[in-house]
2 protein chains.
Amino acid sequence: MAGIRWVGFDGDDTLWKSEDYYRKAEADFEAILGAYIDLSDARTHRHLLDVERRNLKIFGYGVKGMTLSMLESAIQLTDERISASDLHRIIEIGRATLQHPVELLPGIREAVEAIARDHEIVLITKGDLFHQEAKIALSGLADLFHRIEVVSEKDEATYARVLHELPVEPARFAMIGNSLRSDIEPVLALGGWGVHMPYHVTWALEAEHGVHADAPRLRVVEHAGQLPDALALIEASQGP
Amino acid sequence: MAGIRWVGFDGDDTLWKSEDYYRKAEADFEAILGAYIDLSDARTHRHLLDVERRNLKIFGYGVKGMTLSMLESAIQLTDERISASDLHRIIEIGRATLQHPVELLPGIREAVEAIARDHEIVLITKGDLFHQEAKIALSGLADLFHRIEVVSEKDEATYARVLHELPVEPARFAMIGNSLRSDIEPVLALGGWGVHMPYHVTWALEAEHGVHADAPRLRVVEHAGQLPDALALIEASQGP
């Protein structure tokens, strides 16, 4: 019989709020910088993004890397005029972001429970191991998942390894997430299914992708309440 | 038949050099601080350790957390007198430490190959996911291991989960590592075997442990060349 055997869930901005806290961190960062430089200059915002993109290859994803990038960016943008006291405030932004509360998105617990009744489910989340584990524990969802994978990058090679370890054929795997770049594109490329659940904000570096709206094996939902039906429709389309 | 089925290897300072690079980072850090404060004051060194210990609960292990702790410590120890330029140099210390070369310890490749001929082997390494994965890739040892686990903490709960997933009974698992606290104590507590291979330097926060030199199921070797024989002696002691 056909059908989806394993369903993957992304963590940040799929199960729980995340990007909002990064946006708040960025706003707090810019408020500190505002005492030194002209924030209306578009180069200011782009500079942080450039520093982050360059540092990603060395620091990886996550709040600690973001904090180091903010510190570096602040020092460069102010031509080293920024005070140690204000740099300390930027470290405090990082510490606060690492300790943000874990707030589930509306209806997600019910959707995960419903999908877990008929499928094996795996949480596949990217970023800092320590912070992700803390958020998983605080979410109260850990016990619902049959497996949890914290990975450093969500590309084809990573999904191929995880699917091989589960094990499951790509045609019988569906991934649910808010990022076309990290949750959908690599899974479609492997021959799996993607269910895109957009979040209201997307980090600029996640916005770069090559997924077409009419891609085969791609479904889009507006909120978590639609997830069980989206999977049922995928399975119906696979036939008996 | 009795015998060890799975053998675990620690990464940092067991397979490859690590603590030396942290020590160099600390020396470079103190050289920068020396322009502001009296380094002969024992409180200076203890202050960084105190900041690191407090931040571990929020940042976790690894170079990025160490760098943030160094920045914070430098700001506090200089009463905010340190320049942005010198704080930038501390960020550069972190970046350099994340990019240090991966240098295998003497004889370790041969020892891992010999042990892999008769056992399943798993790499169990603690710290930053992104940095650990980079080091594993650079080590050239990844293909020898049947499994690789990057974990955020090496305590009894973590080893219990990993042994359950392999799966293997503790009595048929031996862990090889340089840290009594992280590699040996929790495995002995679960009923497994520990092979301690001391490294010439140990981070102060790893030096706290409760392992007695005459603990049952503990063996000590001086260098990697002795590892295969140490395992053979463990298996001989288990009887037929």
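Two strands are said to pair if DSSP finds at least two bridges between them, and helices (H or I, at least four residues) and strands (E, at least two) are DSSP runs, numbered from the N terminus. All views show a predicted model, in which local features need pLDDT of at least 70 and side-chain atom pairs count only at pLDDT 80 or more, whereas totals for chains, interfaces and linings use all residues. Residues are numbered from 1 along each chain as its sequence is written, and chains are lettered from A and ligands numbered from 1 in the order in which they are written.

**View 1. The sheet of chain B and the helix packed on it.** In strand 5 of chain B, Val195(B) is the bridge partner of Ile176(B). Strand 4 (residues 173-177) and strand 5 (residues 193-196) of chain B run parallel and are joined by 4 bridges. Helix 6 (residues 129-139) of chain B packs on the sheet, where it touches strand 2 (120-126) and strand 3 of chain B, and its direction makes about 150° with that of strand 3 of chain B (axes are lines fitted to C-alpha atoms, for helices over the stretch in contact, and angles run from 0 to 180 degrees between N-to-C directions; residues are in contact if their C-beta atoms, placed from the backbone, lie within 7 Å).

**View 2. The open sheet of chain A.** In chain A, 6 strands in the order 3-2-1-4-5-6 form an open sheet with parallel pairing. Strand 3 (147-151) and strand 6 (218-220) of chain A stand at the edges with a single partner strand each, so one side of each is left without a neighbour in the sheet. From one strand to the next, the twist averages 20°. Strand 1 (residues 6-9) and strand 2 (residues 120-126) of chain A run parallel and are joined by 4 bridges, and Val7(A) stands opposite Ile121(A) in strand 2 of chain A.

**View 3. The two domains of chain A.** The domain assignment, whose bounds come from an automatic or database source, gives domain 1 (6-17 + 102-238) and domain 2 (19-98) of chain A. Their centres, taken over C-alpha atoms, are separated by 29 Å, and the contact takes 13 residues from domain 1 of chain A and 13 residues from domain 2 of chain A.

**View 4. The contact of chain A with chain B.** This contact takes 28 residues from chain A and 28 residues from chain B. On the side of chain A that touches chain B, the largest share, 8 residues, comes from helix 4 of chain A.

Key. Contact = placed C-beta atoms within 7 Å.
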